[in-house]
Structures are given as structure tokens and as C-alpha cells.
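Q: I'd like to go through this model slowly with you. Could we look at it one piece at a time?

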Amino acid sequence: MTCSHSGSGESHALGHQHRSRSKKWHLMYFFLAGFDVLVVVLGVLLNHRIVDTYHRSIQANQSWVQQLSSYSALGSFASEVNAPGNNVFDTLQVDSESRKMSQALQVFNEHLAMAKEQLRARVADQGGRSAEVRLFTLALQDEVEAVDAAMAQMVDEASLIFSYFKAGEADNAGKRMATMDRKYAELLASLTTVRERVGQIQGKLLQEELESVETLRRVEYAIMAFVLVMVSAAVVYGRKIRREMEAHAEERRATWRSCAKANDDSASRPRCWTRPRMRSSSTAWMIGFSTGTRVPNASSA
């Protein structure tokens, strides 16, 4: 079907308008695609942060549980150091009880030195922690030193008891036993303070992790809002595309109707046929020979 000049011009104008609108909405499509990628990336990053927070919390808690266990073990080792100073009043075997105390003290000092080394490593590796946690860790270091000092005082009293027994002064040894027990109570109090400080540090670390999770929760809410915006924009874009397709179909139908009307109008007009002008008789004769028609000569035309 062939359209007239006016119909072709109208069709060209409508097509140009449609292409301009399509270009604009194609840009909207790319924007939505980029927005989808952004939401997916944010979701992956959020999941990574949640897993990292969970892993960090478990690792820190497990580490401090091990530290707390070592401090609890010091309490049992301290009781073994204290026992010979009391048992000597029953056994009266000064050398044997003194050796037992020395052996128990060696075990206690080894575990205490290990706990101190672990604590020093923690103090040196507190860069990512808050100022409050670092202060608590430094305070714990001082409190562990207080445990060491309390043990030294208790051992001094026990050694004094053994010396009184060797000198045959059992009465004076009995008087020092009360002092030794008081030093042992101070040692146990120091160990209790250490364990409480570890619990305080664990509580603070848990609070910081909960605050971090709360921040991630707000980010999660933001991602949910982005998803809602994305879905809403996709719905709006889909409806707009449907309207655009319907408008485009209507434009095509209108164009075809215009073309049909223009062709009908041109068909109703009278036509005249004009013989093409030949450049020469030889050219006309060659065309007639090739087509098998009789070509009139130039004089009859």
C-alpha cells in the first residue's frame, strides 16, 4: 500500500514523536536495572556484615570464656598452695608439706604467667575495640597483678609457719595460721574481682555487638524501602509501557487509515498516460526489439 505525500509526512511526525518518548522510557529502564543491581549489592553487603558480626561476637566470647576458665583454674591451684600450711598442724611433717607447697606454687605460677601473657596479647590487640573495653582490659591487667601479690603474701605466711614448726614454736605457728588464712581470703577475693572484670568485659562486648546489629537493622529497613520503591517504579514503568504500546498501535492504525484514505482519493482522480520521450530512434528501436513490441517512428509520434 502506497501513501500520499501528506500521509507520509504525518506518519513521519508520529514516528519521530514515538521514538523520542521511547528513548526517554528506555533511559528509565536502564535506571531501574541499575537500581536493581544496587539493591542486590546492598543486600549482599548487609548479609556479609551480619555474618561477620556474628563470627566476631562468637570468636571474642569464646576467647574470653577461655580466659575466664584459666582464672577459675587459678582458684583451685591457689587452694592447693594454701593446703600444706594448714595440713602441717595435723601431719607435723614440715619438710613434706613444704615441698608440696613449693610444687603447688610452681604450678600456680606457670598458669598465672600463661594468663598474664594472654592478657598482654589482648592489651596489644585492642585497636578495634572501644575506649571503655580498653580501659576494662587495662584494669584487668592490674587486678591480675594483685592476685600475684596476694599469693606472694600468703606464701610468705605459710613459709613463716613452717619456720616456726622447725624451731619448735608451735604456738607462734598457730598464731600465723590465722594470718595466712586471711591472706588466702584476700587472694580469693582478688580472683573473684578478676572473674567479675572478665564478665564485665564480655557484657560490654555483647552490648557493642548489639548496637552494631541495631545499625545493620536500620540499613535493612532502608534496603526494604529501596525494594518497595523499585517494585513500585517497575509497576509504574510497566503500566506506562503498556500505554505506550497501545498508543503506538493506535498511531499505526491511524497511519494505515490515513494511507488508505489517501490512496482512495488518488484512485478516484482521472489519470493520463504520457508516452516517455525517446532520445533517439535507435534507442526506441532497441527497446521495442527487446520487448517484442512495435515502436512507432518519430514522425508518427
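Q: How many residues does α2 have, and how far does it reach from its first C-alpha to its last?
A: Helix α2 has 31 residues and reaches 44 Å from its first C-alpha to its last, which is close to the 45 Å expected at 1.5 Å a residue. The expected span is 1.5 Å times one less than the number of residues in the helix. Please keep in mind that this is a predicted model, in which local features need pLDDT of at least 70 and side-chain atom pairs count only at pLDDT 80 or more, while totals for chains, interfaces and linings use all residues. Residues are numbered from 1 along each chain as its sequence is written, and side-chain values use heavy atoms, with hydrogens and water left out.

Q: And what counts as a helix here?
A: Helices are DSSP runs of H or I with at least four residues, strands are runs of E with at least two, and both are numbered from the N terminus. By that rule the chain has 5 helices and 0 strands, so the pattern read along the sequence is α-α-α-α-α.

Q: Back to α2: which of its residues are buried?
A: Among them are Val94, Met101, Leu105, Phe108, Leu112 and Leu119, and the list also includes Glu97, Lys116 and Arg122. Buried means under 20% relative accessible area, exposed means over 50%, and partly exposed lies in between, using a 1.4 Å probe and protein chains only. For the whole chain, buried residues make up 28% of the 301 residues.

Q: How do α2 and α3 sit relative to each other, parallel or antiparallel?
A: The axes of α2 (residues 94-124) and α3 come within 11 Å and cross at roughly 170°, and that makes α2 roughly antiparallel to α3. The axes are lines fitted to C-alpha atoms, for helices over the stretch in contact, and the angles run from 0 to 180 degrees between N-to-C directions. Angles under 35 degrees count as roughly parallel, over 145 as roughly antiparallel, 65 to 115 as roughly perpendicular, and the rest as oblique.

Q: What classes of residue make up the contact of α2 with α3?
A: By class, that contact has 16 nonpolar, 4 polar and 7 charged residues. Here Ala, Val, Leu, Ile, Met, Phe, Trp, Tyr, Cys and Pro count as nonpolar, Asp, Glu, Lys and Arg as charged, and the others, Gly among them, as polar.

Q: OK, and α3 by itself, how long is that one?
A: Helix α3 (residues 131-166) has 36 residues and reaches 53 Å from its first C-alpha to its last, close to the 52 Å expected. After α3 comes Gly168, whose phi is positive, near 75°.

Q: Is Lys166 buried or exposed, and what is it in contact with?
A: Lys166, whose place is in helix α3, counts as exposed at 58% relative accessibility. Leaving aside its neighbours within four places in sequence, Lys166 is in contact with Val94 and Asp95, where contact means heavy atoms within 4.5 Å.

Q: New topic: how many salt bridges are there?
A: The count comes to 9 salt bridges, each being a side-chain nitrogen of Lys or Arg within 4 Å of a carboxyl oxygen of Asp or Glu. One of the pairs is Arg197 with Glu143, at 2.9 Å from N to O. That pair links distant parts of the chain, since Arg197 is in helix α4 (residues 170-268) and Glu143 is in helix α3, 54 residues apart. Both Arg197 and Glu143 are buried.

Q: Where do Glu186 and Lys183 lie?
A: Both lie in helix α4, 3 residues apart, about one turn of the helix, and the closest N and O atoms of their salt bridge are 4.0 Å apart. Glu186 is partly exposed, with a relative accessible area of 35%, whereas Lys183 counts as buried at 18%.

Q: And which residues are linked in a network?
A: Lys116, Glu145 and Asp148 are linked in a network of salt bridges.

Q: Last one: where is Leu92, and what is its phi?
A: Leu92 is found in the loop between α1 and α2, and its phi is positive, about 60°, although it is not a glycine. With a relative accessible area of 57%, Leu92 is exposed.
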